[in-house]
Amino acid sequence: MYTNRWSFFVAWPVATLLLCVLGPIRVYDGAGLPITLQSIAVVLVPLLWGSRVGLASVVSYLLLGGLGLPVFALGTSGFDRFAGATGGFLLAFPLAAGMVGLAAESLLPVRTDTSYRMSRLLLTTTLLAAAGQTLTAALGILWFDSISGPSSGGFGSWMHLLPGLALKSIAAGLVVLICDRLYPPKAVAGLFVLVAASPTVLLAQTSSLSNPSSIMEIKRVTDHHSFARPNEAVVTHLSWNAQVHFDTRTIEANATWTVEAAEGAESVRFDVRDLTIASVRVDGKPVTFILGPAAPFIGQPLEVPVTAGTHQVEIEYVTSPQAAAFLWVEGTSPFLFTQSQAILARTWIPCQDSPGVRFTYDARVSVPQSLLALMSAENPTKRAENGVYTFRMDSPIPSYLLALAVGDVEFKAIGPRTGVYAERGVLEKAASEFRDVERLVEAAESLYGPYAWGRYDVLMLPAAFPFGGMENPRLTFCTPTILAGDRSLVSLVAHELAHSWSGNLVTNATWDDFWLNEGFTVYFEYRIMEAVYGSDFSEMLVALSRQGLADEVHSMLSDRPADTHLKLHLKDRDPDDGMNAIAYDKGYFLLRRIEEVVGREAFDGFLRTYFATNAFSSMDTERFIGYLNAQLLTTEASRAAVDAASWIYAPGLPANCPEVVSERIVAVDQAVAAFAAGKLSASALPWEGWGFQERYRFLSNLPASTSLEAVQALDQAWHITSTGNYEVLFAWLKCAIEHRYTPAYTRLDAFLVEVGRRKFIVPLYEAMLQSNQTELALAIYERARPGYHSVATGTLDALLGL
Ligand code: BES
Ligand code: ZN
């Protein structure tokens, strides 16, 4: 009957592989290869070692570790590092446990009387398996910590796996027993699959990186910007089938949503805006739906009747040519991109457009044959002859991270799991500008834990993109205005990359909690920059942000003081109103203050655990503060030193806001003073030796009293009007407007027509208005407006009174 023993080694890998392929278990995603390798090792080694099971099990386990390590380190496109490692553990624990059980059994005297065997085996295998399992779990955690830096959040953050492991070991013990009792081996294998599978699922569900067991159990806070009622019926998956028409500027599509409805649910509600709904089917049958009245910026509710048993809702619809998420670029290089954050996803897909609702998706998109389509998902790198592309996003995301781009773009790899997409003319430049991106990902991982999304690519958009960057998962959308030629503006990529943790893993529950996305991301961004380029560089960024924050607070305090609280009140307002330095920089400085109080090491440990335990879920300000106080600020003194409440619920800047001293910025400020006092000539400035932060600081701090001659002298000495650094150019053009330095106006005009990045263009138009050059502003705007995205025209129309 000893042949039965080997069935264990066959059945376990089969069960695990089946689970990998079939199971909806997110932690296994991408782990197919390592698991296969490990399984082969586990089958082969004991066979080679013949009946010396005890010794064989030790060797197999060592081999598991040995194989897992390079697989983890390789961590490239084919399989996800973290999933690989996790998958390895999940597999390794029970295997090792089973082996300990087997080894123990082989040491026992072989007796034939059944009752003796039954009781001894049950006891010893179960106990030993449990012990073996716990031991391997502990070793595994230590191993994981040691290879990825202490990035797993420390031992404590994995403790929640132990109940699952204990159950699993009992199952493993039972299986060993059953294997020994039953015949033929085939039946044993089948049984094993069943027994092994159930605790595996259980284990995966207790894991922090997987979904909660029932999506309906998530209690969500009210989101004033969505009509959805996710506690009644919530979406879990989207299948999107779409045709993109450049000629009519529309997308014809089918959105098939998998829905979970609570007991007693009567309808599921979606958000839509400017969509023409052709039909709705529920589980294949046409139904009558209700479209509520449309309200400004939030659109209208689409209500579809369902019952608790409803599985799928299929919506057939067409988008409007004015859909606010889109920018259509026509001409020689047609381009379409979407911008869904904050609440524009509903203008191109009917969805539960609330950051607290997450879903996975797949898509099939048909585009003009010469163009490539990309999404916030697993992406193609090559043109498809028929113009049809398919996509998958297997990790649950909120709707604001839905993204689509269609253009004549090509792909170039940067590192093993990083790359860039761009039009041919900018591809090389972009790839060279971004050559450090793989290093940024590594630095980010060693700070706050494994990158959870597989690949990290960047897509260069047309200059009309209204933002610097957008953190669409797996594919950051990016403005070409950061291609300075010297990597100086790569911090923007660090920022969007950082969102892969803060925002995309742990998501602000509503737009009132926006600082949880952006403040954390700015903090993380600067830490990445510090790790890769040194603190000299990053502290200059901090110093600029400190000044930007002081200016913003100053300008907001008089007429809208409540908007300077970190916790916002955007009910009945466009969430876009919250996009200012408060969420970003005040958020950053609160976190920096916490770091100052508890020390960097403690804060880093806290953040790692925070991301690991809250991954793929949403967070609101109140829950964060509760978590912070429970986990980190455990003493009254530390809570008082941080004083989170005055940061979050009070206006302005708290007295404990950290000051930053950057020697290099101090030197610039001295140069500004000397230049303004006429003690330093333009040509004597150390311009060449300055980085963009120093040049930016100099230009933006020139006093209003600076003479036109002095401005002209600067340009003559340093040719600033023709600089290729858009941050410097922006500060310069603003200065040129304020001093009516007209030789720069041709560049100003070209800049405003070419670039649609709101952070640059709004202050430039504002400067024209404030210096009585309204006609100039209106004349340029008239020509530039057709090229801008709705996000920019929305702000500018209001500013220019149109
Ligand atoms: N997610 C934001 C952009 C955003 C915020 C779009 C709110 C719509 C609504 C993105 O990560 C961002 O912050 N971009 C900045 C980058 C900068 C802070 C480095 C930008 O576009 O300027
Ligand atoms: Zn951001």
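Predicted model: local features only at pLDDT ≥ 70, side-chain atom pairs only at ≥ 80, totals over all residues.
Helix α22, residues 745-754, and helix α23, residues 758-770, pack at an angle of about 135 degrees, with their axes 10 Å apart. The axes are lines fitted to C-alpha atoms, for helices over the stretch in contact, and angles run from 0 to 180 degrees between N-to-C directions. Helices here are DSSP runs of H or I with at least four residues, strands are runs of E with at least two, and both are numbered from the N terminus. The angle makes α22 oblique to α23; angles under 35 degrees count as roughly parallel, over 145 as roughly antiparallel, 65 to 115 as roughly perpendicular and the rest as oblique.

The crossing of α22 and α23 is left-handed. A crossing is given that name if the near helix is turned anticlockwise from the far one by less than a right angle, and is called right-handed if clockwise. On the α22 side the contact is made by Leu748, Phe751 and Leu752, and on the α23 side by Phe760, Ile761, Leu764, Tyr765 and Met768. Contact means heavy atoms within 4.5 Å. By class, this contact of α22 with α23 has eight nonpolar residues, no polar ones and no charged ones. In that classification Ala, Val, Leu, Ile, Met, Phe, Trp, Tyr, Cys and Pro count as nonpolar, Asp, Glu, Lys and Arg as charged, and the others, Gly among them, as polar.

Residues are numbered from 1 along each chain as its sequence is written, chains are lettered from A and ligands numbered from 1 in the order in which they are written, and side-chain values use heavy atoms, with hydrogens and water left out.

Let me turn to the chain as a whole. The protein chain has 25 helices and 21 strands. Of its 802 residues, 58% count as buried; buried means under 20% relative accessible area, exposed over 50%, and partly exposed in between, with a 1.4 Å probe and protein chains only. Among contacts between residues at least 6 apart in sequence, 72% join residues at least 24 apart.

I return to the helices. Just after α25, Gly801 takes a positive phi of about 70 degrees.

Next, the salt bridges. A salt bridge is a side-chain nitrogen of Lys or Arg within 4 Å of a carboxyl oxygen of Asp or Glu, and by this rule the count comes to 37. In one of them, Asp436 pairs with Arg439, the closest N and O atoms being 3.5 Å apart. Asp436 is buried at 5% relative accessibility, whereas Arg439 is partly exposed at 42%. Another joins Asp572 and Lys571 at 3.9 Å, N to O; here Asp572 is exposed at 65% and Lys571 partly exposed at 46%. Arg573 and Asp577 also form a salt bridge, with their closest N and O atoms 3.3 Å apart. Salt bridges that share partners join Arg560, Asp563, Arg573 and Asp577 into one network.

Finally, some loops and their backbone. Most residues other than glycine have a negative phi, and most peptide bonds are trans. Asp283 is not a glycine, yet its phi is positive, at about 45 degrees. Asp283 lies in the loop between β4, residues 275-282, and β5, residues 285-286, and is partly exposed, with a relative accessible area of 38%.

What does His311 touch, not counting residues up to four places away in sequence? The list is Trp257, Thr258, Val259 and Asp283. His311 sits in the loop between β7, residues 300-305, and β8, residues 312-319, and counts as partly exposed at 45%. His311 and Val235 are 76 residues apart in sequence and 9.7 Å apart in space, C-alpha to C-alpha.

Arg474, also not a glycine, has a positive phi of about 70 degrees. Its place is the loop between β18, residues 469-470, and β19, residues 475-478, and Arg474 counts as buried at 16%. The peptide bond from Gln341 to Ala342 is cis, with omega near 0 degrees; Ala342 belongs to the loop between β10, residues 335-338, and β11, residues 358-366.
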